[in-house]
Amino acid sequence: MPEIPVVDLSNMGLHQGRITKELDEAFSTVGFVYLKNHGIDQKKVDNVFEASRTFFQLPEDIKKGYPRDNERFDGYTGRDQEILEDSSVHEVREAYDVTSPTGFYPDDSVPQFRPAICELAHSLCQLTVDLLKCMALALGLDEDYLSSRHQHIFHGVDKNGTILRSLYYPSLSGDDIQPGVVRCGEHSDYGTVTLLLQDDMGGLEVLSGSEWIAADPIPGAVLVNLGDLMQFWTSDRYRATVHRVRVPEIEIRRRSPRHSIAFFVQPDNGVMISALDGSQKHPPVESLAYLKLRLSETYKTGELSRNIAGLLEFIMKTLLSGKLTKLLTPSVIRYGLLLLLTVQNTATVLCMRASMINASATNQKYVVSTLVLTMETIKVVILLALIVIVESSCSLRKAMTLLYDEIVCRPYDTLPLAVPSFLYVVQDNLIVYALSCVDATTYQVTYQLRILTTAIFARMLLNKIIPVKRWLSLVLLMLGVILTQVHFSKDSGIFSFRTGKEGPAYVLGLVSILCATLTSGFAGVYNEKLIKNGQQPLLLIRSIQLSLFCLFFAFLGVLLKDGRLVNTQGYFYGYSPLVWLVAAMQAVGGIIVAGTMKYADNILKTFATSISIVMSCIFSYYLLGDDNLTATFIVGTVAILFATYLYSVATVQTAKPAEPIKS
């Protein structure tokens with residue numbers, strides 16, 4: 001198993017060549033390095049730990065009196081206010097951020113906090129400059145190339161976005177330990193370089209290849225890792241390595257809090273980060289703009305998830321009263337939301353299939369494109385309501401101003417979203433059409449191929465390395481789908497494909513599902529690429545931008561494809577209560593998914609999908625008369641469920657570093 005290297009900085013002037021070579025090797029491979037004999041007085045570190053401990057032990061109402069300012073980046077962040085990993089249920093930590101000696105400090109409550117931070121920050125700045133000079137030499141640049149672009153470290157966000165963060169991970173016991181609870185989710189840092197000082201509790205893990213290695217504290221050492229901007233600068237020669245802080249397995253360590261001090265270094269504001277080798281591997285990005293984008297995603301994702309989850313939790317508690325309310329523990333709420341997600345997935349597919357059967361039986365078929373437009377209209381209305389409530393404190397004027405600033409005034413950020421929006425509309429039309437040709441269960445199991453298409457597009461567009469375990473699970477997934485389409489005749493003892501038995505409509509339905517998996521995979525990966533390239537605003541704003549484009553394309557679909565038919569028989573022709581139910585369930589499905597972000601991890605969501613498939617098999621057979629529960633179909637379905645589980649528990653790697661930059 002690889003280890004994090006240790007570099008001795010003693011007598012740096014005499015041994016700069018050796019130190020430069022060792023740092024270059026560490027940053028080109030593991031992406032992390034321990035520095036010893038770095039010159040920072042341990043007393044300064046101890047003073048910050050002591051002042052931080054005093055602050056974090058204050059009553060909650062006092063700590064909340066120093067809230068983090070989203071514009072200045074200074075202040076206190078409480079539990080669950082950040083989400084670094086989408087699959088996390090809770091990220092149990094607290095933090096206090098400062099960006100300059102004159103920033104926002106808890107002077108009234110902990111007067112020793114400011115002087116302790118400022119003394120340590122001064123030493124960290126000096127060490128950072130030394131590191132940047134060594135890195136510049138290793139990259140074949142002038143010694144001052146990088147340090148000259150970091151002249152205002154810890155001088156405030158007006159000049160530089162560097163943040164010194166005091167981190168506190170509370171003790172955990174009993175009900176705190178739930179599936180998906182972590183101290184800090186999987187993530188890479190955002191800036192140039194990060195300097196970390198840890199206490200002796202440990203828990204930090206670094207992703208090296210496909211393995212997680214422990215970054216255990218070394219007394220007196222500083223742990224250094226690189227951020228996204230340095231990876232962009234060096235065209236992936238240096239790595240922004242993914243890392244996390246897990247809940248300790250040993251009970252005594254769970255019950256002990258963990259402290260650390262992180263110095264997140266950013267280039268000066270206005271510095272454009274573009275590839276030093278002249279390649280276009282990563283698009284140019286401005287330092288502060290990228291930091292704001294990543295921070296807004298981190299905090300707004302957490303805020304939106306908490307608000308939606310809180311709303312669903314409030315509804316559940318409102319529906320129950322008296323003694324039953326006491327039963328709504330976090331565990332009960334989590335599994336309740338997952339049950340809701342499972343029921344929504346199952347019911348939407350079954351109701352859509354049933355609506356198609358009823359429409360055929362009564363000869364009153366609704367127009368598919370109008371159903372898609374209706375779903376998008378409901379979705380836009382819900383998102384607008386959420387923007388008014390979540391982002392604008394129930395003020396219509398604030399909501400209109402926000403939408404104008406984020407959509408109308410930022411057309412170049414909005415226009416790229418037209419691509420995934422168009423694909424989503426095509427996908428919805430394909431799904432509705434497919435369910436008019438194939439049974440609900442066949443749709444459910446075949447549509448799991450979107451996992452395969454997403455993985456392929458992620459490899460092509462994001463340069464992600466898919467671990468061997470995931471490739472094996474994808475092979476098993478394909479074999480499972482093939483098995484579901486095989487029919488065995490007891491009379492002749494011959495295997496044959498169902499397509500020959502079912503007829504042309506069934507084939508068209510399968511083709512539609514396969515096309516839908518392609519659009520789903522590409523649209524999802526394209527969206528992720530936009531986020532990584534810094535081309536998207538806040539989460540809720542991005543959602544409304546996508547939905548508005550979807551609304552536009554859905555309207556064009558009705559106008560161009562079915563305009564004459566709608567004009568003749570009417571827009572709502574064939575709309576039964578069941579059709580309206582389908583439109584509503586499809587529109588609110590995304591809200592339920594957002595609600596589960598707080599309470600569910602990927603494995604639990606996978607189980608929800610699996611249960612949904614099983615329920616679809618049962619109800620489709622008994623309620624809709626879909627006679628497809630053959631032995632081969634059941635075996636294929638089990639293979640698909642197992643492959644989905646294997647895929648969800650495997651780990652994705654980042655791409656291998658590129659060749660070194662030529663000097």
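The protein chain in this predicted model has 22 helices and 18 strands, where helices (H or I, at least four residues) and strands (E, at least two) are DSSP runs numbered from the N terminus. Residues are numbered from 1 along each chain as its sequence is written. Since we are looking at a predicted model, local features need pLDDT of at least 70 and side-chain atom pairs count only at pLDDT 80 or more, while totals for chains, interfaces and linings use all residues; side-chain values use heavy atoms, with hydrogens and water left out.

Let's start with the whole chain. Of its 663 residues, 53% count as buried; buried means under 20% relative accessible area, exposed over 50%, and partly exposed in between, with a 1.4 Å probe and protein chains only. Now take the contacts, meaning heavy atoms within 4.5 Å. Among those between residues at least 6 apart in sequence, 81% join residues at least 24 apart.

Next, the cores. In soluble globular proteins, nonpolar side chains tend to be buried together. A nonpolar core here is a set of buried Ala, Val, Leu, Ile, Met, Phe, Trp, Tyr and Cys residues joined through side-chain atoms within 4.5 Å. The largest one has 68 residues, and among those with the most contacts inside it are Leu23, Phe154, Leu164 and Phe263. Which helix gives this core its largest share? That is H4, residues 113–138, with 14 residues. There is also a second, separate core of 42 residues, which includes Tyr366, Ala418, Leu430 and Cys550.

Let's stay with H4 and bring in helix H1, residues 16–28. The two pack at an angle of about 80°, with their axes 9 Å apart; axes are lines fitted to C-alpha atoms, for helices over the stretch in contact, and angles run from 0 to 180 degrees between N-to-C directions. H1 and H4 are therefore roughly perpendicular to each other, a label that covers 65 to 115 degrees, with under 35 roughly parallel, over 145 roughly antiparallel and the rest oblique. On the H1 side, the residues making the contact include Ile19, Leu23 and Phe27, and on the H4 side they include Leu131, Met135 and Ala138.

You will find Phe154 in the loop between H4 and strand E6 (163–169). Phe154 has a positive phi of about 60° although it is not a glycine. Most residues other than glycine have a negative phi, and most peptide bonds are trans. Is Phe154 buried or exposed? At 3% relative accessibility, Phe154 counts as buried. Not counting residues up to four places away in sequence, Phe154 touches, among others, Val98, Ile117, Leu164 and Phe263.

Ser235 is found in the loop between helix H5 (228–233) and strand E13 (243–245), and at 3% relative accessibility Ser235 counts as buried.

Further along, we come to Val372 in helix H10, residues 368–391. Val372 is buried, with a relative accessible area of 0%. Leaving out residues up to four places away in sequence, Val372 touches Val425, Asp428, Asn429 and Ala554. Val372 and Val426 are 54 residues apart in sequence and 9.4 Å apart in space, C-alpha to C-alpha.

Last stop, helix H15. The buried residues of H15 include Ile451, Leu452 and Phe457. Just after H15, Asn463 takes a positive phi of about 60°.
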